[in-house]
Amino acid sequence: MLTWPTLKTLRKSALTAIAGASIFALAACGGSTTPSESTGAAGGADDAITVYNAQHESLTQAWVDEFTKETGIKVTLRQGSDLELSNQIIAEGAKSPADVFLTENSPAMTQVENAGLFTDVSATIQEQVPAEFRPSTNKWTGIAARSTVFAYDKTKLTEAQLPKSIMDLADPAWKGRWAASPSGADFQAIVSAMLELKGEDATLSWLKSMKENFKSYKGNSTAMKAVNAGEVEGAVIYHYYYFGDQAKTGENSTNVALHYFKNEDPGAFVSISGGGVLASSAHQASAQKFLEFVTGKAGQTVLQTGGSFEYPVGSDVAANDKLTPLADLQAPKIDPAKLNSAQVTDLMTQAGLL
């Protein structure tokens, strides 16, 4: 370590030289106090965002890892269910710490939109995601999709014996033979589609018949296991539970096959997973950039090649080749902005399902 002489022995010329050298050194180190704009992998703490995430945590984590690697922008995830987080955002209002909200199903997105808490998604996002996978309002965007299916016991039912429409499950002939998970956001999204397509009276009538006919399980995977074990002959679930199990051991789906209702039936409903930027976010640019990444080529390829088995909806990325292409599902055309979770829960409560 350099030992400085005492002040008494320093000569005035030496002090002047040292001071000048110090000033020069500070200037050479870039002593400007103006922060540089974050670009690429140079994202800083001021760019960091918080995402309230109701999507599968492993899927969103894959998005976050790739996004941060590409941009340097850090992301904090807060995990919860669709309606749990939508209700939390509404309760927090303009003081919410969330910058972005991601869901598995769209009714929770509509709930937050109706509370006036989203800002418009960027023009880039609108270019990347076709209109059929976005609400007409452009207050949020689709980020992924999942198809309604009837998972059935192929050892007990032939294709000729399968219901032609999801509405057929109201027939007393199906009493005790089929299952669903009515308390979950997945099934409630399907009922939202039925409500939009068939109206309140027909939906309530179907729900009351469902109460008499079906067996209740907690969770889609549990309902599928019940089919596989021979407890019921079929279950209304989303497609990816089957493919996810098949990609592992297949032990919970050995006896299961999938029936797609098609023909724009309510049972052919394709549920849109949503993403939106909160109007109260203090990090608007970073939040929009995150959704642009998720709906862009790289983010949608995570869906194509990963283990979620959900459908990509943006940037012309094809689905995993194990899945029936979206275009072949013959899904009904529904504006996601019209799916009403509050009315659905009311009708399901009236029917004794909740």
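**Exercise 1. The largest pocket**

Which helices each supply at least two residues of the lining of the largest pocket? Give the volume of this pocket and the make-up of its lining by class.

Solution. 
- Step 1: The model is predicted, and totals for linings use all residues.
- Step 2: The helices asked for are α2 (57-71), α3, α6, α8 (220-228) and α9 (240-247).
- Step 3: The volume of the largest pocket is about 740 Å³. Its lining counts 33 residues, and those closest to the centre are His56, Glu104, Asp186, Tyr240 and Tyr241.
- Step 4: Sorted by class, the lining of the largest pocket holds 16 polar, ten nonpolar and seven charged residues.

**Exercise 2. The second largest pocket**

State the volume of the second largest pocket, the residues nearest its centre and the classes of its lining.

Solution. 
- Step 1: The space in the second largest pocket is about 640 Å³.
- Step 2: Its lining has 33 residues, with Glu132, Phe133, Val270, Leu326 and Ala327 nearest the centre.
- Step 3: By class, 21 of the lining residues are nonpolar, six are polar and six are charged.

**Exercise 3. The enclosed space**

How many cavities of 30 Å³ or more are counted, and which helix gives the most to the lining of the largest cavity?

Solution. 
- Step 1: Rolling a probe the size of a water molecule over the atoms shows where empty space is left.
- Step 2: The count at 30 Å³ or more is one cavity, and the volume of the largest cavity is about 60 Å³.
- Step 3: The lining of the largest cavity is made of Asp82, Leu83, Asn105, Pro107, Ala108, Ala185, Gln188, Ala189, Ser192 and Ser341. By class, these are five nonpolar, four polar and one charged.
- Step 4: At least two lining residues come from each of α3 (82-92), α4 (107-114) and α6 (185-198).
- Step 5: The helix that gives the most is α6, with four residues.

**Exercise 4. Helix α6**

Is α6 mostly covered or mostly uncovered? Compare its span with the expected one, and describe the residue just after the helix.

Solution. 
- Step 1: From first C-alpha to last, the 14 residues of α6 reach 20 Å, close to the 20 Å expected at 1.5 Å a residue.
- Step 2: Buried means under 20% relative accessible area. Ten of the 14 residues of α6 are buried, and the helix is mostly covered.
- Step 3: The buried residues are Asp186, Phe187, Gln188, Ala189, Ile190, Val191, Ser192, Ala193, Met194 and Leu195. Among them, Gln188, Ala189 and Ser192 also line the largest cavity, while Asp186 is one of the residues closest to the centre of the largest pocket.
- Step 4: Just after α6, glycine 199 has a positive phi of about 90°.

**Exercise 5. Glutamate 212 and the whole chain**

Where does glutamate 212 lie, and is it buried or exposed? Then summarise the chain.

Solution. 
- Step 1: Glutamate 212 belongs to helix α7 (residues 200-213).
- Step 2: Exposed means over 50% relative accessible area. Glutamate 212 is exposed because its relative accessible area is 51%.
- Step 3: Its C-alpha atom is 9.7 Å from that of alanine 351, which is 139 residues away along the chain.
- Step 4: The protein chain has twelve helices and nine strands, and 49% of its 354 residues count as buried.
- Step 5: Of the contacts with a separation of 6 or more, 76% join residues 24 or more positions apart.
- Step 6: The accessible surface of the chain is about 16500 Å², with 52% belonging to carbon and sulfur atoms.

Technical notes
Residues are numbered from 1 along each chain as its sequence is written. This is a predicted model: local features need pLDDT of at least 70, side-chain atom pairs count only at pLDDT 80 or more; totals for chains, interfaces and linings use all residues. Side-chain values use heavy atoms; hydrogens and water are left out. On a 1 Å grid over the protein atoms alone, a cavity is a set of points where a 1.4 Å probe fits but cannot get out, and a pocket is an open set with protein on both sides within 12 Å along at least five of seven lines; lining residues have an atom within 4 Å of a point. Grid points are joined across faces, edges and corners, and a volume is the space filled by probe spheres set on the points. Ala, Val, Leu, Ile, Met, Phe, Trp, Tyr, Cys and Pro count as nonpolar, Asp, Glu, Lys and Arg as charged, and the others, Gly among them, as polar. The expected span of a helix is 1.5 Å times one less than its number of residues. Buried means under 20% relative accessible area, exposed over 50%, partly exposed in between (1.4 Å probe, protein chains only). Contact means heavy atoms within 4.5 Å. Accessible areas come from the Shrake-Rupley method with a 1.4 Å probe; for residues, only the protein chains shown count as cover.
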